[in-house]
Amino acid sequence: MSKRKLLIHEVFEQAKRESGRDTKSGIATYLWTYFEEHLNYIISDRTFIRYYETFIENNRETNISPDRLDKLSQYIGYENFSDFNPTFEKKIENEEESTTSVKFLLDGEEVSVPEKIFNIIIKITNNPNFNVPDFMKKNGLGVLEFVFVALLVTGGVVFSNPIDKNKSNIFSFTSSIKQTNKNYMYWDGEQYNETDSSYIGPEYEVIAIDEKLVKHFKRITRKDTMTVDNSLGRTWYSKYYGNVEFFTSDGIDPDNKRELKKSTATMIEKYAGKNADSIQAQ
């Protein structure tokens, strides 16, 4: 079971217990409401259903933004997605009298690191598919340099986070290295997310961060909840080839790069509310 699949499974299981609902649509609606009201973070019920169908029912994979993975992890009691990952533990293996070897999986491949390290247990708070932090990849740090940095940060031992998800461990390696400034952001289809890397994959366009956009600019995923009373003067829209999308702030539509317009009563009544599911509004 992949990390993300396990996360989606745990999120739905917790929501099922909390809500008392037993259908994926009912649980998804509960999650959408909970995230908006308690975490100040919007993930539509349709998106939750898509995640469940992809990961659980169809046993497939799909991209989930790092920021969203952190929020999903926080919902079930963890600090972030790195904290959620199960602890991977390997003991030192003696190769010769004065030399030991640490073995772990680095981006899916087993790597053996010979070092003169004695009788310690390295616990890495990550799953066996150990991911090297972005800043190390960007700066070209090799495996030996990576282990050296880890030992410097932790004083010789990389401590894992405790199994108790309600407590945080200040000695966590992942927490220690997560001190880089986030100078960039990317659009995930619904909102802008902060990142410390200028490149996170071909599917995302990473640009210089704009705090105002990160905090206030979001695509409205539940157009059916919009009315003239709650949306007029507070929303903007983009209409492109018959497709209408509404946003919570003025600016540029990240998907088609067109300038947004202030929502009018006519646009809201025609493309939102009870007409949100019309063909042109998809």
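1. Helices here are DSSP runs of H or I with at least four residues, strands are runs of E with at least two, and both are numbered from the N terminus. On that basis the protein has eleven helices and eleven strands. Bear in mind that this is a predicted model, where local features need pLDDT of at least 70, side-chain atom pairs count only at pLDDT 80 or more, and totals for chains, interfaces and linings use all residues. Residues are numbered from 1 along each chain as its sequence is written, and side-chain values use heavy atoms, with hydrogens and water left out.

2. Some overall numbers. Take buried as under 20% relative accessible area, exposed as over 50% and partly exposed as in between, with a 1.4 Å probe and protein chains only. Of the 282 residues in the protein, 42% are buried. The protein exposes about 16,000 Å², with carbon and sulfur atoms supplying 48% of it; these areas come from the Shrake-Rupley method with a 1.4 Å probe, and for residues only the protein chains shown count as cover. Contact means heavy atoms within 4.5 Å. Among contacts with a separation of 6 or more, 55% are between residues 24 or more positions apart.

3. Have a look at how helix 2 (residues 24-38) meets helix 4 (residues 66-75). Their axes come within 12 Å and cross at roughly 100°. Axes are lines fitted to C-alpha atoms, for helices over the stretch in contact, and angles run from 0 to 180 degrees between N-to-C directions. That makes helix 2 roughly perpendicular to helix 4, given that 65 to 115 degrees counts as roughly perpendicular, under 35 as roughly parallel, over 145 as roughly antiparallel and the rest as oblique. On the helix 2 side, the contact uses Tyr 30, Leu 31, Tyr 34 and Phe 35; helix 4 brings Lys 71, Leu 72 and Tyr 75. As a reminder, an α-helix has 3.6 residues a turn, so residues three or four places apart point the same way.

4. Seven of its ten residues are buried, so helix 4 is mostly covered. The buried ones are Arg 68, Leu 69, Asp 70, Lys 71, Leu 72, Ser 73 and Tyr 75. What do these buried residues of helix 4 pack against? They pack against helix 1 (3-19), helix 2, helix 3 (45-57) and helix 5 (81-84). After helix 4 comes Gly 77, with a positive phi near 105°.

5. Helix 3 has Asp 45, Thr 47, Phe 48, Ile 49, Tyr 51, Thr 54 and Phe 55 buried. Helix 1, helix 2 and helix 4 are included in what covers them. Just after helix 3, Asn 59 takes a positive phi of about 50°, although Asn 59 is not a glycine. Asn 59 is in the loop between helix 3 and helix 4 and is exposed, at 55% relative accessible area.

6. Now the rings. Rings of Phe, Tyr and Trp (its six-membered ring) pair if their centres lie within 6.5 Å, with planes under 30 degrees apart counted as stacked, over 60 as edge-to-face and the rest as tilted. By this rule there are 17 aromatic pairs. Take Tyr 78 and Phe 84: their ring centres are 5.4 Å apart and their planes are at 85°, so this pair is edge-to-face. Phe 84 is buried, at 7% relative accessible area. Ring pairs also link Phe 12, Tyr 30, Tyr 34, Phe 35, Phe 48, Tyr 52 and Tyr 75 into a cluster.

7. There is a charge over a ring as well, meaning NZ of Lys or CZ of Arg within 6 Å of the ring centre and within 35 degrees of the ring normal. Arg 222 lies over the face of Trp 32, at 4.0 Å from the ring centre.

8. Thr 227, between helix 9 (211-216) and helix 10 (228-231), is partly exposed at 37% relative accessible area. Its C-alpha atom is separated by 7.3 Å from that of Ala 272, 45 residues apart along the chain. Tyr 241 sits in the loop between strand 9 (236-240) and strand 10 (243-247). Tyr 241 has a positive phi of about 50° although it is not a glycine, and at 77% relative accessibility it is exposed.
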